Amino acid sequence: MTVNIELISQTDLADESFYIAINGLEPRAMYCVEMYLSDYYCINAPLLLDHDVIWKSTAIFLSDQDGMIDTSQTASISGSYKGISEMGLFFNAKPLKNRKRRLPSSLDRIPLRDCFGVEIKIRLGKDVVAEQSFVRRYMNLGVRYQDIYDKHFQGRLFYDEKLRRAPAVIIVSGSEGRIEKAQNIAQLLSSRGYICLAIAYFGLEGLPQNLERIPIECLEEAKDFLYHHPQVDNTKIGIYGRSKGAELVLAGQSILKDVQCLVLNSPSNVIFEGIKGKLNSHSSSWTYLQKELPYQKFQLGNYLLNKFFGKHIPEDSRAQIDVSKISSPLLLLGSDVDEIWNASSAIDDIISHYKGESILFKKYHETGHMLTIAYQPNHRYRKDWRLLMKESVDSWFATINFFDTHLKNL
């Protein structure tokens, strides 16, 4: 018996779907299909999870009369998921260990994972009857990277050497302030024809160590860097911000010069108090020209009332971001079950104050604060995994289509 295993996908990029096709099996026999992910970085996993941890999922299938299993057509009887789903094995993979690592303190020591391994094993009873390894990529083979050090940010630039006069995107992640999550997004966008600059705004050597009094000038410096880059079309620069990074981007663009378009993922419409260690800092998260921007103070009582009873926290009008000064096209992505802050209400407020010509928004109902890259496993939420995956796919490709519309199709 010669068993053949194929991974079938339009591309080998990590944000594309794929399915596993197996033939040469015994007809009408019960097989266990195991998937192992190695060197895998998942943007939805805890930041401290060791990247060397193996991820695994399993599914039990009954082969058809021709001795075939096709994950896009054959239902899983049991295992990590049930039913038919071409990405069921991948989306339901989980780390085998909860081994943690220390985060590097300097940019040059932060690892760059350009690809990861997918190993498929087929078991009949206890025996492994076939196995095959594949590679999925976070970025195309032609993409290069360069570490960038500026006064108020440190970044990693991703670019294809063949590109000329290409659109560019600045990527800013959340309250971790670092570059790991931002670069994962940048790698995939750079594989779709963009020059991408993922930036860290605190938490590394040479930058502030806490999320307090961060100069919003970091965005202007990042834009200036791209503006003068020889491969960039400086009339086509966008910014992607998620979570606290979306707050930074919105606050920054209400003061600084507009870029061509903005994607705000799980945004806030107000500036919140900074964080020092695990405590509130009694200062603003952001500064401009060395002066603190007005901020919403953290009050534990209000937070608990909101978290456990859904009571609305009154906003300090002085901390509200002046969205009326932003004219760039906006895409707003958020959830009405956001567990960190009320992104849904923030989206409504941003829409009501926006004076520009183009604003789109999408609200989701299953995924909470972690709306990230399509198909990446997300075990933060104990809901219908199919709906979680569907929302991750929708929000990610809405992001790509928005950038294509406003940076490529002008």
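Two strands are said to pair if DSSP finds at least two bridges between them, and strands themselves are DSSP runs (E, at least two residues), numbered from the N terminus. With that in mind, Ile 22 stands opposite Ile 69 in β5, within a model that is predicted, so that local features need pLDDT of at least 70 and side-chain atom pairs count only at pLDDT 80 or more, while totals for chains, interfaces and linings use all residues. Residues are numbered from 1 along each chain as its sequence is written, and side-chain values use heavy atoms, with hydrogens and water left out.

**Two open sheets**

Strand β2 (residues 19-23) pairs with β5 in the antiparallel sense over 2 bridges, and both belong to an open sheet of 3 strands. At the edges of this sheet stand β1 (4-8) and β5 (69-70), each with a single partner strand, so one side of each is left without a neighbour in the sheet.

Another open sheet of 3 strands has mixed pairing. Its edges are β14 (214-215) and β20 (291-292), and because each has a single partner strand, one side of each lacks a neighbour in the sheet. Strand β19 (residues 286-288) pairs with β20 in the antiparallel sense over 2 bridges, and Thr 287 has Glu 292 in β20 as its bridge partner.

The chain is divided into domain 1 (2-135) and domain 2 (141-406), with bounds that come from an automatic or database domain assignment. The C-alpha centres of the two domains lie 31 Å apart, and 37 residues of domain 1 are in contact with 38 residues of domain 2, where contact means heavy atoms within 4.5 Å. Between them the domains bury about 3300 Å², 59% of it on carbon and sulfur atoms; buried area is the accessible area (1.4 Å probe) that two parts lose on being put together, summed over both. Of the area that domain 1 buries against domain 2, Ile 43, Phe 91 and Leu 107 supply 26%, more than any other three residues.

**The largest cavity**

A cavity is a set of points, on a 1 Å grid over the protein atoms alone, where a 1.4 Å probe fits but cannot get out, and its lining residues have an atom within 4 Å of a point. The structure holds 3 cavities of 30 Å³ or more, and the largest has a volume of about 70 Å³. Its lining includes Tyr 41, His 51, Arg 113 and Glu 180, and draws at least three residues from each of domain 1 and domain 2.

How values were computed
1 Å grid on protein atoms, 1.4 Å probe; cavity = no way out; pocket = protein on both sides within 12 Å on 5 of 7 lines; lining within 4 Å. Points joined across faces, edges and corners; volume = space filled by probe spheres on them. Helix = DSSP H or I, 4+ residues; strand = E, 2+ residues; numbered from the N terminus.
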